[in-house]
Amino acid sequence: MGRITLEKVQKKFGEVEVIPPLDLTIEDGEFVVFVGPSGCGKSTLLRLIAGLEDVSDGEIRIDGKPATDLPPAKRGLAMVFQSYALYPHMTVRKNIAFPMKMAGMDQAEQDRRIAKAAGALNLTDYLDRRPGQLSGGQRQRVAIGRAIVREPAAFLFDEPLSNLDAALRVGMRMEISELHKSLETTMIYVTHDQVEAMTMADKIVVLRAGHIEQVGSPLELYKAPRNVFVAGFIGSPKMNLLGGSHAAAHDCTTIGIRPEHLDVVASGGTFTGRVGVAEHLGSDTFFHVHVDGIAEPMTVRAGGEVGLTHGDTIHLVPQADKVHRFDDKGLRIA
Amino acid sequence: MARAISTNKKIMWTSLAWGFGLVMFFPILWTFLTSFKSEATAIADPPVWFLFDWTLENYTAVQERSNYPLALSNSIIIAVGSTILGILIAVPAAWAMAFVPGKRTKDVLLWMLSTKMLPAVGVLYPLVLLAKWLGVMDSRILLIVVLMLINLPIIVWMLYTYFREIPGEILEAARMDGASLRNEIIYVLTPMAVPGIASTILLNIILAWNEAFWTILLTTVDAAPLTKFIASFSAPEGLFYAKLSAASMMAIAPILIMGWFSQKQLVRGLTFGAVK
């Protein structure tokens, strides 16, 4: 079981309020991702749940039981750190065994769980090596192994992939998702990378300056961002956000159009501009289009083989029902 | 990129370094030579360098006249004892200051260091009175405690510096893994700090071994270590340079040999963290 509830949880460092009072419920078995720009308080929130930081006010419950004042070890949670935080003087086997040793588990059970975890994480051949002799991806697996053998109520991941190279990151992303499917244990995952959030999460929590901006499934956030911040943060490439007369035409302060919701037409169109940089991804092409009267270039997704090059004139029409509208406070207008 | 250094410069710096090294080493060399001279040769003017009748008579005389084994064992017990006691106190202290620093941690560290600036003689009188009152004058336990206290600031400072180099996330991981504070120190922190602790131990043994002020003043016979042993050859009967030298050589030989064998560890420990 691993249902975690935060009630009016608040964190201050001295006079500085890092996390204003905040409510959040994480259901058992959910994969929740905290995402936001750096300094938004997502790691602090995770550390509050872990017990590595004390909450200034409010209450944390794990499976209904108050955990606010419990030390980290007593909360039944396991954490995977950004730096892996392996014990450098211990072999992989001892690293994985450490939490079980601390719990006083009998040796036979320890060996059984180590063998199982090592098998699942492809670490069987490395059990007698030290962390220093492993690659980044292997170290990350050891850190995960150390977390799963405890059979915790929930896993906490603090930007676990940010030290890996791009190819490895995609691979580990899949592995962690697989792990979640097979263990069905609650996972809380912190990242600043919205692609990681979109691909892995059941539920995304978007944070800015300690505030929760929106909570929802990846597609909910994508389709109906609650405000301009979420609209701009979720989705890659970014949503085109326009103000002024373009927005006024839709009776609002800001409109947002995702790159894939702009159609290229032969003539006329709502926007006419010049093609700037074109990013050819093979399957798709993203054009950065300079439109008169709009400061930032607009991004347009087109097919893989569109015969437009730098400097060409392009005509764009937004798909009418896909335009997001926001009021003067930046909030979504339904 | 290696810098080009002209041969002349190299020769100059090399001879300068050697010259400096020899000046530093000279007193030990001279003591060594004198310890093999007769008393008459030892005070000959002009001094005799290598061409004299080498003799072991000073070493025999020193052995006969005093109890070298007792002084040696006292030195070992006091140096090792005060070091172990100091480490036991300093590891938790340095842990606290490195990983859960408070507002005044820096001040405490500086204050501890400032006690090293206090002239030792300033506390001699109260310390002697206290020792007499407790009935521990001329006992090993007194010296163990006093030398531990004297070197404690240095031990704490050294360990603090080493502990600061250990990433905090690893200790947090241990906490998440269910380690109690005690287990965290025993299984995670201490093993990772072994190189630092080892060089702290070595340095402290050397400091305690060489400490002369307190060891001479607080002992008479029973707990007298090698420092007292040397001093006893300089006093009343006049100056016996050759015997004094022999006694000195016997006193410094063990620590010199230990230092020689552990110099790699010592240098590594002392520069730990300086180069990353």
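User: What is the basis for speaking of two domains in chain A, and how far apart are the C-alpha centres of domain 1 and domain 2?

Analyst: The C-alpha centres of domain 1 and domain 2 of chain A lie 37 Å apart. The bounds, 4-231 for domain 1 and 238-333 for domain 2, come from an automatic or database domain assignment. The model is predicted: local features need pLDDT of at least 70, side-chain atom pairs count only at pLDDT 80 or more, and totals for chains, interfaces and linings use all residues. Residues are numbered from 1 along each chain as its sequence is written, with chains lettered from A and ligands numbered from 1 in the order in which they are written.

User: What makes residues of domain 1 and domain 2 of chain A count as in contact, and how many do so?

Analyst: The criterion is that the C-beta atoms of two residues, placed from the backbone, lie within 7 Å. Seven residues of domain 1 of chain A are in contact with nine residues of domain 2 of chain A. On the domain 1 side, five are nonpolar, one is polar and one is charged. Here Ala, Val, Leu, Ile, Met, Phe, Trp, Tyr, Cys and Pro count as nonpolar, Asp, Glu, Lys and Arg as charged, and the others, Gly among them, as polar.

User: Why are β13 and β16 of chain A called edge strands?

Analyst: The open sheet has five strands in the order β13-β17-β14-β15-β16 (chain A), with antiparallel pairing. β13 (262-265) and β16 (298-303) of chain A each have a single partner strand, so one side of each lacks a neighbour in the sheet.

User: What makes up the side of chain A that touches chain B?

Analyst: In chain A, 17 residues are in contact with 14 residues of chain B. The largest share, three residues, comes from α2(A). By class, this side has 14 nonpolar, two polar and one charged residues.

User: How many helices and strands does chain B have, and what makes a run count as one?

Analyst: Chain B has 14 helices and zero strands, where helices (H or I, at least four residues) and strands (E, at least two) are DSSP runs, numbered from the N terminus.

Terms used. Two strands pair if DSSP finds at least two bridges between them.
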